[in-house]
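Please look over the sequence and the model before reading on.

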Amino acid sequence: MNQVLISLRDDLIARWRVAFPIGKTTGSIKQALRVPKKQAPIYWLDLTLLEPDRGLEAVDALSIRSKLVVLSPKPSQAEATMLIRAGAMGYCHQGTPGPRLQEISRVLENEGFWMPREMIQRITQNTRRSGIQKYNPDQNPDQLTERERAVAKLVGFGAN
């Protein structure tokens, strides 16, 4: 899969080139969007390149065309959530080493999402704490509400 880095930072470009020697680099989102859509590259966007109020617009424009990884100078869960909601499929620190960048690329090529492990752990912990009721195979079907029985019946007939 093609790789396109959007950055002006020499240190980031050098590290990224080690991971993707035949990838393309540009300092402009407009230039990156000129890559033919049928080539479906993975875009790697340096967040420091963007003006603070234009970040989501750029993420939206790039993610509509292809898969997008956002490289942040100071990753945070709030920023990651905002960017993933805007369409990014990956989010990591700008200092991520080359082998990890290759791993991120493989995950996206296989239709996955990428976030730092600590963020995934926090999301998992928050989900567990939220008190979501777990499935109980021993639950008596007679204890279902009328609506739950109607939904179960529809599922039984093949509805989704």
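A residue counts as buried when its relative accessible area is under 20%. The model described here is predicted. At 10% relative accessibility, Phe 20 falls under that cut-off and so counts as buried.

**Aromatic side chains**

- Two aromatic pairs turn up in a search of the whole structure.
- One of them joins Trp 16 and Phe 20, whose ring centres are 5.2 Å apart and whose planes make an angle of 50 degrees, a tilted arrangement.
- Trp 16 is buried, and its relative accessible area is 0%.
- Phe 20 also pairs with Trp 44, again tilted, at 5.5 Å centre to centre and 40 degrees between the planes.
- This pair links distant parts of the chain, since Phe 20 lies in the loop between α1 (10–19) and β2 (24–26), while Trp 44 belongs to strand β3 (residues 42–46), 24 residues apart.
- Trp 44 is buried, as is Phe 20.
- Together, Trp 16, Phe 20 and Trp 44 make up one aromatic cluster.

**Helix α4**

- Helix α4 spans residues 77–86, and its residues Glu 79, Ala 80 and Leu 83 are buried.
- These three residues lie on the same side of α4 because they cover an arc of only 100 degrees around the axis.
- An α-helix has 3.6 residues a turn, so residues three or four places apart point the same way.
- Ala 78 and Arg 85, on the other side of α4, are exposed.
- Gly 87 follows α4 and has a positive phi, near 130 degrees.

How values were computed: Residues are numbered from 1 along each chain as its sequence is written. This is a predicted model: local features need pLDDT of at least 70, side-chain atom pairs count only at pLDDT 80 or more; totals for chains, interfaces and linings use all residues. Side-chain values use heavy atoms; hydrogens and water are left out. Buried means under 20% relative accessible area, exposed over 50%, partly exposed in between (1.4 Å probe, protein chains only). Helices (H or I, at least four residues) and strands (E, at least two) are DSSP runs, numbered from the N terminus. The arc is that of the directions from the helix axis to the C-beta atoms. Rings of Phe, Tyr and Trp (its six-membered ring) pair if their centres lie within 6.5 Å; planes under 30 degrees apart count as stacked, over 60 as edge-to-face and the rest as tilted.
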